[in-house]
Amino acid sequence: MSLDYYKRQMVDLRARMAREREAKKKDNAYYAERIKNESTASGKASYRKSKIDKAAYHDRAIESLKHSIEMCKENIARARKSR
């Protein structure tokens, strides 16, 4: 693959990571509001569990994107070397 391809891929991966971080913040705020407005203890516990699960989902996605960025950096270095 060409160096330009990897550079475009890097831009795309960084944008996806930024969107994922924003989604995590948005979900966190949503669940915090739900927990605050819930009247029953079981409802609050359910929302807390959902909040933790959703945050873990976002964390896994962010880690995956970080790994993809590292791989892309290695591909860029390899492409520069082969020039």
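**Entry 1: the helices.** Helices (H or I, at least four residues) and strands (E, at least two) are DSSP runs, numbered from the N terminus. I am working with a predicted model, in which local features need pLDDT of at least 70 and side-chain atom pairs count only at pLDDT 80 or more, while totals for chains, interfaces and linings use all residues. I number residues from 1 along each chain as its sequence is written, and side-chain values use heavy atoms, with hydrogens and water left out.

I looked up the secondary structure and found two helices and zero strands in the protein chain. Helix α1 covers residues 3-37, and helix α2 covers residues 41-82.

**Entry 2: overall form.** I noted that the C-alpha atoms of the protein chain fill a box of roughly 65 × 15 × 10 Å along the principal axes. The chain has a radius of gyration of 19 Å, whereas a compact globule of 83 residues would have one near 12 Å. This radius is taken over C-alpha atoms, and the globule rule is 2.2 Å times the number of residues to the power 0.38.

Next I looked at burial (buried is under 20% relative accessible area, exposed over 50%, partly exposed in between, with a 1.4 Å probe and protein chains only). Of the 83 residues, 23% count as buried. In α1 the buried residues include Leu 3, Met 10, Met 17, Glu 20 and Ile 35. The buried residues of α1 pack against α2.

**Entry 3: salt bridges.** How many salt bridges does the structure hold? I found five, a salt bridge being a side-chain nitrogen of Lys or Arg within 4 Å of a carboxyl oxygen of Asp or Glu.

- Lys 49 pairs with Asp 53, their closest N and O atoms being 2.9 Å apart. The two lie four residues apart in α2, about one turn of the helix. Lys 49 is exposed at 53% relative accessible area, and Asp 53 is partly exposed at 41%.
- Lys 66 meets Glu 63 at 3.5 Å, N to O. They are three residues apart in α2, again about one turn. Lys 66 is partly exposed at 36%, as is Glu 63 at 47%.
- Lys 73 meets Glu 70 at 3.6 Å, N to O. About one helical turn separates them, because they are three residues apart in α2. Lys 73 is partly exposed at 40%, and Glu 70 is partly exposed at 42%.

An α-helix has 3.6 residues a turn, so residues three or four places apart point the same way.

**Entry 4: Glu 20.** I turned to Glu 20, which is found in helix α1.

The side chain of Glu 20 does make a polar contact of 2.4 Å with that of His 58. A polar contact is a pair of N or O atoms within 3.5 Å; within protein, one must be able to donate a hydrogen and the other to accept it, and residues adjacent in sequence count only if both atoms are side-chain atoms. Leaving aside neighbours within four places in sequence, Glu 20 is in contact with Tyr 57, His 58, Ala 61, Ile 62 and Leu 65, contact meaning heavy atoms within 4.5 Å.
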